[in-house]
Amino acid sequence: MLCSSFMTACGGTTTKTPENALEAMQQVNVQELNVIEDNYRNVYEIFPYSFCDSDGDGIGDIQGIISKLDYIKELGINSIWLTPVHQSTTYHKYDVIDYYSIDAQFGTVEDYEQLLEEAHNRDMTVLMDLVVNHTSSSHPWFFEAKQYIKSLAPGQQPSAEECPYVDYYVFSNEYKSGFTKIEGTEWYYESQFWSGMPDLNLDSEAVRNEIDQIVQFWLDKGVDGFRLDAVTSYYTGNDTKNIEFLTWLNDCVKEKKADAYIVGECWTNSVTYTNYYASGVDSFFNFDFATNVGTIANALNSGSGADKFGEKIVLVDEMMAANNPNYIGAAFTSNHDNGRAAGVLPGDANKLKMAQAMAMMMGGSYYLYYGDEVGMKGSGDDENKRAPMQWSTDSTADGMCKSVATRVIEMTHGSVETQAEDPDSLLNYVKQGLLLRNMYPEIARGTNEVITECSSTDVLVLKKNYEGSELLIVMNISANANTVDLSSVSINGKEVGDFEVAGTLLVSAEMVTVEEATLQMPAYAIEILK
Ligand code: CA
């Protein structure tokens, strides 16, 4: 018998038979926290408009976010990323009118300063969404430039000496793809997303000086880093120039604050976004694993293989490392632009639990989109992916926001209120997963190695090594029970008989058990050994 070494799994001091998943996990996940305050974080993405309303107008706001920082902290999160908060004409605020402001719908600069202070008091960092591919067409820079263009005589060329703002954007007197005509003139401006979002001319020294000042302003306020919007569109279709600009921007930020953290939205495939690491930017979202067509969804929906998932982790790690040895991966399942995991993995809460766990165990930083901890739904139109945070199933409860969705979205997995009371809920599962990340620095920071002889379509056995300390993560990602023979594996110089159970993630009260060198894994169970 291996009970003396697999102490916790065999019962240890707590012999009570667990009655639910939470009790079962809590019997095992008892190690002290070991949170390193570097840039490997558990990050929570907040869409402010839909998160928490503090003043009853139905629009989420900064004070609402402040009121929920304890909730976020208790999840096990230690960083928040807010999608844009600057003055804008749209609810999503990805078209900025004033980079030095906070939109009045959300509050004031003072509110934002309070948010920074309250987050920092809880050892949480704050990432600001920096949208410098384009501005709003209502930005004063663009307004001035457009007025000037309109004043030109036929055949006259614009001059930055007469109007410095013409240099801020890309004007042309012939039509090109992605350009919009300025009414009453022969001139066009670049606007790759739509006419309301004119592209900034990032070659302009004046524009770079503006960005430098914006970055300085918010770093001085205490912002800990930036999420960069739409980096592939900086110079549309030109990765080389995009990487050059990102190198400049990364240096611009890091020379002001050496430990600032930057994550870029490079919405492409891993062959491309891993190359962007050459810019020195810490992280790019690991899109290949996310969304409805990603590796995680494929493994859970179409049985593409736990082993293949592991091999892909190792491969992408190598590709990132080849471009920047200090890379930090950025795992996620969905975000404000993609259908939520609950729709990608329909019907089955166990798959939702496993999807989040798979992203958490990949390594690097882990990004949780608000509401995914309770399995919120939403797909199709962007508005539907940004539904009101389900604090309660009562849409008139405190903090609830009005919906921007274009259809009624049926939330089938319950609210924060109902799931907090349910020991088998997704919410309680996600908290246990984040707890494990906060106990074991190896999960986020360790190198990944697939133990191929123990891995299969159903099971991944992944070895992590962080500064010589090894963890073995055994994941049964299938709806079937599985046995895993670990007799060929050694970690920390020990053979299987001497492994200790370090943590577990379970979807029911049924725990992982041990017989000789073999783990009996219930459906969708994860066991962590050291
Ligand atoms: Ca409000």
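**View 1. The calcium site, coordinated by Asp-53, Asp-55, Asp-57, Ile-59 and Asp-61.** In this predicted model, the calcium ion has its donors at 2.3 to 2.4 Å. Asp-53, Asp-55, Asp-57 and Asp-61 each coordinate through OD, whereas Ile-59 uses O. Along the chain, the donors are spaced as D-x1-D-x1-D-x1-I-x1-D. Ile-59 and Asp-61 are both buried.

**View 2. The largest pocket, with about 390 Å³ of space.** Its lining comprises 19 residues. Nearest the centre of this pocket lie Tyr-94, Phe-193, Met-197, Asp-229 and Asp-337. The lining splits into seven nonpolar, six polar and six charged residues.

**View 3. The second largest pocket, with a volume of about 330 Å³.** Here 17 residues form the lining. Pro-388, Gln-390, Ser-395, Ile-409 and Met-411 lie nearest the centre. By class, the lining of the second largest pocket holds eight nonpolar, seven polar and two charged residues.

**View 4. Helix 10, residues 306-323.** The helix has 18 residues. From first C-alpha to last, helix 10 reaches 27 Å, close to the 26 Å expected at 1.5 Å a residue. Its buried residues are Ala-306, Asp-307, Phe-309, Gly-310, Ile-313, Val-314, Val-316, Asp-317 and Met-320.

**View 5. Packing around the buried residues of helix 10.**

Conventions:
Residues are numbered from 1 along each chain as its sequence is written. This is a predicted model: local features need pLDDT of at least 70, side-chain atom pairs count only at pLDDT 80 or more; totals for chains, interfaces and linings use all residues. Side-chain values use heavy atoms; hydrogens and water are left out. Donors are N, O and S atoms within 2.8 Å of the metal (3.2 Å for Na, K and Ca); water is not among the atoms, so sites may look incomplete. Buried means under 20% relative accessible area, exposed over 50%, partly exposed in between (1.4 Å probe, protein chains only). On a 1 Å grid over the protein atoms alone, a cavity is a set of points where a 1.4 Å probe fits but cannot get out, and a pocket is an open set with protein on both sides within 12 Å along at least five of seven lines; lining residues have an atom within 4 Å of a point. Grid points are joined across faces, edges and corners, and a volume is the space filled by probe spheres set on the points. Ala, Val, Leu, Ile, Met, Phe, Trp, Tyr, Cys and Pro count as nonpolar, Asp, Glu, Lys and Arg as charged, and the others, Gly among them, as polar. Helices (H or I, at least four residues) and strands (E, at least two) are DSSP runs, numbered from the N terminus. The expected span of a helix is 1.5 Å times one less than its number of residues. Contact means heavy atoms within 4.5 Å.
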